[in-house]
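Dear colleague,

I am passing on the structure below, together with some notes on what turned up in it. Please keep it open while you read.

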Amino acid sequence: MKKFFMSVLMLGLIAGLIAGCGESDIQKVEGDDSKQEKAEKKQETLKIGEAVKFDGLKVKLTGVREYKGDQFIKPQNDKFVLIQLEIENTTDKPQTVSSLLQMNLVDAEGQSQDVAITGNEKGKLDGELGAGRKMKGEVAFDVMKSDKYEFIFDNPFTTGQAIWEIKSKDIKK
C-alpha cells in the first residue's frame, strides 16, 4: 500500500514538473456551461450542489454523508465524513485525478483532516479520466467533530483553490 501511494505521489510530481507551475484556471459553473463567469482573484466559497471548472475539470460537490464505521473499520477521530463528487474532463486530453494530491478537508479551526479508506465509499476518485469522460465517487476523511468543514480541491503544482463550505447540519447521517 505504501508503494502505491509513493508511486501516485511520484507520478503527480513528474506530471507537475512537466506541466510547469502557474495559476489554475477556475470558473464557477452557473446552471449550464454557457453562463460561466471567470472567478475573481478573491476566494469565493461554494455550497453543496455547486460546480466549478478547474483546469479543464468540471468538479461538483453533490453531497456529504457521515459514516461511523463498523466492527472492522473505526475512525481514529470522531467519525468519517464522505464527500460525494462528480468530475468531468471538459478537455480533449486525458487528465489525472488524485484524491491524495488534489483533495483536502479542514475543520473550523483550519486543521487538515486525514484521508481515509473505509470500504464504504461509493465509487473511487482516482486515476486517469479520458477526454470528455465523467467519474462519480466519494472520498472519505477521518474527522474531528466541528461545526463546519471546508472541502478544498486544488492542483499542488499551481496556485488557486476551489473551496466548498460544509456545515455540520448539512451532513447526512
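Is Glu66 buried or exposed? Glu66 has a relative accessible area of 10%, so this residue is buried, where buried means under 20% relative accessible area, exposed over 50%, and partly exposed in between (1.4 Å probe, protein chains only).

Please bear in mind that this is a predicted model, in which local features need pLDDT of at least 70 and side-chain atom pairs count only at pLDDT 80 or more, while totals for chains, interfaces and linings use all residues. Residues are numbered from 1 along each chain as its sequence is written, and side-chain values use heavy atoms, with hydrogens and water left out.

Searching the whole structure gives six salt bridges, each being a side-chain nitrogen of Lys or Arg within 4 Å of a carboxyl oxygen of Asp or Glu. One of them joins Glu66 to Lys173, with the closest N and O atoms 3.3 Å apart. Because Lys173 lies in the segment after β15 (161-167) and Glu66 in strand β6, this pair ties together parts that are 107 residues apart in sequence; strands (E, at least two residues) and helices (H or I, at least four) are DSSP runs, numbered from the N terminus.

In another salt bridge, the side chains of Glu138 and Arg65 meet at 2.8 Å, N to O. Glu138 belongs to strand β12 (residues 134-143) and Arg65 to strand β6 (residues 57-67), 73 residues apart, and both Glu138 and Arg65 are buried.

Best wishes
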